[in-house]
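Subject: Structure handover

Hello,

Here is the structure you asked for, with the sequence. My notes follow below it.

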Amino acid sequence: MKTAFIAAFLLLRAAPASAGDDMRHGAQAPVASAAAAAVDPDVMARAAADKLYNDSLYPQAASAYEDLLRSQPGDPYLLYNAGNAQFRVKRPGRALLYYARAWRLLPRNSDMRYNLDFALKSTGQSLVPEGVPPFLHRLYYSASDREIAALASLAFWALCLLGAGAALRPALKDRLLPAAGAAAGLLLFFGAWGAARLSAPLRNAAVVVQHEAVLRSGPNETFNAYATLPEGRVVRILDDSRDDFWEVGVQKEGIKGWITRDELERI
Amino acid sequence: MKLARAMLALSLLLAAAPVRAGLTVAASVDRHEVDIDGSVRLTVTVSGDTANVPEPEIPRLDAFNVYSSGRSQNISFINGRVSSSVAFTYILEPRYIGKAVIPPISVFTGSEKFMTRQIEIQVRGAARRPQPRAGAQQPPAQAPQPARPQGQRPSVPAGEKAEPIFITVEADKKSAYVNEQVTLSVKFFTSVPLTSNPQYVPPSLKGLLAEDLPPVRSGETEINGTRYFFNEIKSALFGLQDGQATIGEAKIIAQLQGAHTLDPMDPAFFQKFFSMSMGQGRTHEVTSKALPLRIIPLPEGAPEGFNGAVGDYIVAASVDRKELKAGEALTLSVSVSGKGHLNTITAPALPDTRAFRYYDTASSYSLTKHQDVVGGKKVFTTVMIPRAEGRQVIPPVKFSFFNPETKSYQTAETAPVEVNVLRGDPSAKAYSFVGGGGAGGDIKTISSDIRYLSRRMGMPVPSRLALALTQNPAHNALPLLLLLGALAYARLRDGLLSDPRRLRYRRAFAAAMKRRDEARRSAEAGDYPKAVGILYDSLPRYLSDKTGDDIESFTLKKTLDHIRRRFPGTGDFSLGEIRTLWEQLEFFHFSSSAITKENAADLVSKYAVLLEILEKEFDGK
């Protein structure tokens, strides 16, 4: 039993932090209110970028959203709007990048899901893997990585507190132990869910953001180029230890190789 | 009102629904046999009952260099049904002699993939043609070259020996407005024979969009006394946003003939040149230098309704019929044609009029590249329903653009369009966009697009809570420590409860000391018999707790024997002290009149010392 607790604790400690790192700033993002909107420069800049988009000045809107993202990288709605602007200027790579980042933060948002799927399909890819019923995919992605980690954390707290209560108050043991068992079940469920999501297609993945990326057989330009990847192609990162080249795998074609770092952006 | 709501809902559904229209895709070529120095025009026609047909995906063609030549689209609205046909044209320049194959070309709608048939092309050697004489002024070998500011000669410094193979990249402008065309010319020069047509790797572009400008031109020229054969590839570039844009390096990969040489002055130069087969030579790459390009922002003072269009355009409006009944639909087509990047042009705002109600707008465009200038025609088709009977006028539609030639904003407008609206049939049903012409039909998707912007900011509450809970995973150590502490406590407690004898043993000293304190208080209060009585009861109880037996019913001798047996490590001194105290307590207990204050205090003190000694000796058993 004790071993299980320690394993659960270690699992939680190892829970993903990348999304959270991005979101940290977003947590402090201003909640729009009439009074705040009048003075908050971020809100005004956002409204200006939206106007550029509405006026069909897409390149300018894309640039404005990029500027905003530098200070608010974890705002999922801003990422989504930036993806829209990039899509309009026909930059499927950056559009996919922003949609994917937004969707990972808010997977239940139907607009983000729709646009990500749309952008993936427009580049010959798909959000829902072949053979997987869409409702199952929606269910699997009904919570973000961080929400799953939080639910696992709550289950862990409940398990520990109920277990401690049962140990300290034997008279309540009969009532507390079933509840602790349920908490342990939830902890296992959320832990398994989170662990399974570690291998999700958009996890540890990158997208080609240049016009065309050359896939080489080794990590420098003297190696043979044996494939080119179009902009917008999502690849899995296999080795990102180098500054100049990353080793990536292309699942659909079943190939792997090295691509210059400048041609990729991590999702 | 009900109709308007239904139409609005329908429009929203049309905008949101994915592409699932039926498509037909066909590919054709203008010839199945071509000379190595010729080209094949490939036309891929995509037709379907949707306004926005997807573009074909041209597979990698090793046997050809491929250039996009343009597109032409027809779109029609008939009784709410949309159909369109887009012809995409490509120029294919063969690279090798022999049989070449154009693999199936696919069109992906997002859910379905449509394929064309495979096409075979026979590439022959170069046809014999009149060759230029040595020393004569050389005209271009193919189509006449358009006027270029830099002239025909490449920039090789005089007196410097030119390389046998080299590449030049030139733009017709050093700066351009956002969305203004810049014509890029990439020229590949060779004075040595090649074993096949070279492979062209276009330059990477930063901040620019490109359109190919086929065909590839070729010709001959003389540089520093050396005669060169050259190929020229042109493309149109458009700046995406103001600032510094970059045209990256262009690359040519050519197969040079081994040790053999080919004299450009040889009358059979072209035959020899193009009849070289693959595998005879070595690969040689030449790369151009990157070229900076400054993109200038559009000037201030844009007119109302300006949407970023740059070029030189005219607009026209037409309707599909001049007379209709009330309740029937009318299709208004507004065309924008001229020079410029039509792909970026958005629909001009329709005039605000009470006479008509506007519904969904679809667009189609045809791209042309005459004289290396990108242009064409974009048609915005809008379904309208007149609100009233009689002669109704569609007011002029205005379209503003920036003309880079005159460096000014201009506004073009259509002529007003007049239609005659007759009395409608009262029994007729309202106009329907759906197939089948009746209520209850299926919604027909006419196009698909991404969803609109989000107006929300920051993170929703569940995400914030999740962030707060998981920001520091070390917090999870707190309940774990609590649980471990509780479990340790419970284990200790349960262990004692399960062994009452052990519990008595552990608690014996504390209980005895407590009784000693009580005796001391009684002695201090002057109640000496009570103090002695408490100690008299306490000593056997302490020994009973320690040994686990009922010492109170034992005699002194039996008690001492029992202690010796139970705790063999107990010293004679301790046993003697027990004996002495036991006897004193017994004496004073039964002779209470003999107890003095000093006796009582002495007994209390002795009892405490004895307990300390016994506790140590019993624990060290």
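In what order do the three strands of the open sheet in chain B stand? The order is β2-β9-β6, and the pairing is mixed. Strands β2 (33-35) and β6 (98-102) of chain B are at the edges with a single partner strand each, so one side of each has no neighbour in the sheet. From one strand to the next, the twist averages 30°.

Please keep in mind that this is a predicted model.

Strands of a sheet pair through backbone hydrogen bonds, in either the parallel or the antiparallel sense. In chain B, β6 and β9 (residues 119-124) are antiparallel and share five bridges. One residue pair to look up is B:Val101, whose bridge partner in β9 of chain B is B:Glu120.

On chain B overall: the chain has nine helices and 29 strands. Of its 621 residues, 35% count as buried. Among contacts between residues of chain B at least 6 apart in sequence, 75% join residues at least 24 apart.

Now the confidence for chain A. The average pLDDT of chain A is 84, and 85% of the residues score at least 70. Among the elements of chain A, helix α7 (residues 92-105) has the highest mean pLDDT, 95, while helix α2 (residues 18-27) has the lowest, 36. The pLDDT is below 50 over residues 1-37 of chain A. That stretch still has 67 contacts in the model beyond near neighbours in sequence. Where pLDDT is low, the predicted coordinates should not be read in detail.

Regards

Technical notes. Residues numbered from 1 in each chain as written. Chains lettered and ligands numbered in written order. Predicted model: local features only at pLDDT ≥ 70, side-chain atom pairs only at ≥ 80, totals over all residues. Pairing = 2+ DSSP bridges. Helix = DSSP H or I, 4+ residues; strand = E, 2+ residues; numbered from the N terminus. Axes fitted to C-alpha atoms, helices over the stretch in contact; angles between N-to-C directions. Buried ≥ 20, exposed ≤ 12 C-beta atoms within 10 Å, placed from the backbone. Contact = placed C-beta atoms within 7 Å. pLDDT = per-residue confidence, 0-100.
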